[in-house]
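Here is a quick walk through one model, with the sequence and the coordinates side by side. Have a look at both before reading on.

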Amino acid sequence: MKMELIQPFINAADAVLAQGLKSPTAIGNLSMEQEAYRRKGVAAVVALTGDIEGRIVFDLEPDVAARVASFFAGTELPESDVLVRETVCELANQVTGNAVTALNDQGFHFRVHPPLLHTSEQGPITSEDTEALVICFETASGNVFMNIALRYNVPRSKELAAAAGE
């Protein structure tokens, strides 16, 4: 996986979480996954199509999701509250929006699909040409996981290589 594709997502998640939760974040574990993604709790999936294709899964354990949503709502929310799930989708939306802005500035063109609640135990399996990077962000409210599986669209990657004289 190319760092120029994932770094905007790492930067955006760090900024959105630190600002939204009003506390610093730290990057914990990083791991590459070949298998299907296993959901940890309340998760939202955002798909990208175009010059860059793939998906981002934003995932919080149920108690962490409730703490984060409660922080944003300004009141204690139970894990089962619909606002908890909506908050995770909104965080995924904010992180993706910030990352997409940086990628657009680099000349990439793609479509960002609205976040969808990821409710199955396993997510999509990554393909041979798409690796998934799982990043754990440590926050005062608990760990937030982001699973990034992105790749250049084949026609676009050939075009970029030709422009670079490769």
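## Ground rules

A residue is called buried under 20% relative accessible area, exposed over 50%, and partly exposed in between, using a 1.4 Å probe and protein chains only. This is a predicted model, in which local features need pLDDT of at least 70 and side-chain atom pairs count only at pLDDT 80 or more, while totals for chains, interfaces and linings use all residues. Residues are numbered from 1 along each chain as its sequence is written, and side-chain values use heavy atoms, with hydrogens and water left out.

## Proline 78 and its loop

Let's start in the loop between α2 and α3, where proline 78 lies. (Helices here are DSSP runs of H or I with at least four residues, strands are runs of E with at least two, and both are numbered from the N terminus.) Proline 78 has a relative accessible area of 45%, so it counts as partly exposed.

Leaving aside residues up to four places away in sequence, proline 78 touches Ala66 and Val84, where contact means heavy atoms within 4.5 Å. Proline 62 sits 16 residues away along the chain, and the two C-alpha atoms are separated by 9.5 Å.

## Helix α3

At the start of α3, a side-chain oxygen of aspartate 81 comes to within 2.7 Å of the backbone nitrogen of leucine 83. The helix has 24 residues, which at 1.5 Å a residue should span 34 Å, and its end C-alpha atoms agree with that at 35 Å apart. (The expected span is 1.5 Å times one less than the number of residues.) After α3 comes glycine 107, with a positive phi near 100 degrees.

Quite a few α3 residues are buried, among them Val84, Leu91, Val95 and Leu103. Threonine 96 also belongs to this helix, and its 1% relative accessibility is why it counts as buried. Its contacts, not counting residues up to four places away in sequence, are Phe9, Val46, Leu48 and Val112.

## Strands β6 and β7

Now for the strands, which pair if DSSP finds at least two bridges between them. β6 and β7 run antiparallel, joined by 8 bridges, and form a hairpin with 2 residues between them. Within that pairing, threonine 139 stands opposite glycine 142 in β7, and leucine 133 has isoleucine 148 as its bridge partner in β7.

Each of these strands has another antiparallel neighbour. β6 pairs with β1 (residues 26-33) over 6 bridges, with isoleucine 27 partnered by phenylalanine 137. β7 is joined to β3 by 9 bridges, and there glycine 54 has leucine 150 as its partner.

How many residues of β6 are buried? The count is 7 of 8, so β6 is mostly covered. In β7, 9 of the 11 residues are buried, so the rest of the structure largely encloses this strand.

## The core

The largest nonpolar core has 42 residues. (Such a core is a set of buried Ala, Val, Leu, Ile, Met, Phe, Trp, Tyr and Cys residues joined through side-chain atoms within 4.5 Å.) Those with the most contacts inside it are Phe9, Phe58, Leu60, Phe137, Met146, Ile148 and Leu150. At least two core residues come from each of α1 (3-21), β2 (42-50), β3 (52-60), α2 (62-73), α3 (82-105), β6 (132-139) and β7 (142-152).

Phenylalanine 137 is worth a click: beyond four places in sequence, it touches Ile10, Ala13, Asp14, Leu17, Ala26, Ile27, Gly142, Asn143, Val144 and Met146.

Methods: A polar contact is a pair of N or O atoms within 3.5 Å; within protein, one must be able to donate a hydrogen and the other to accept it, and residues adjacent in sequence count only if both atoms are side-chain atoms.
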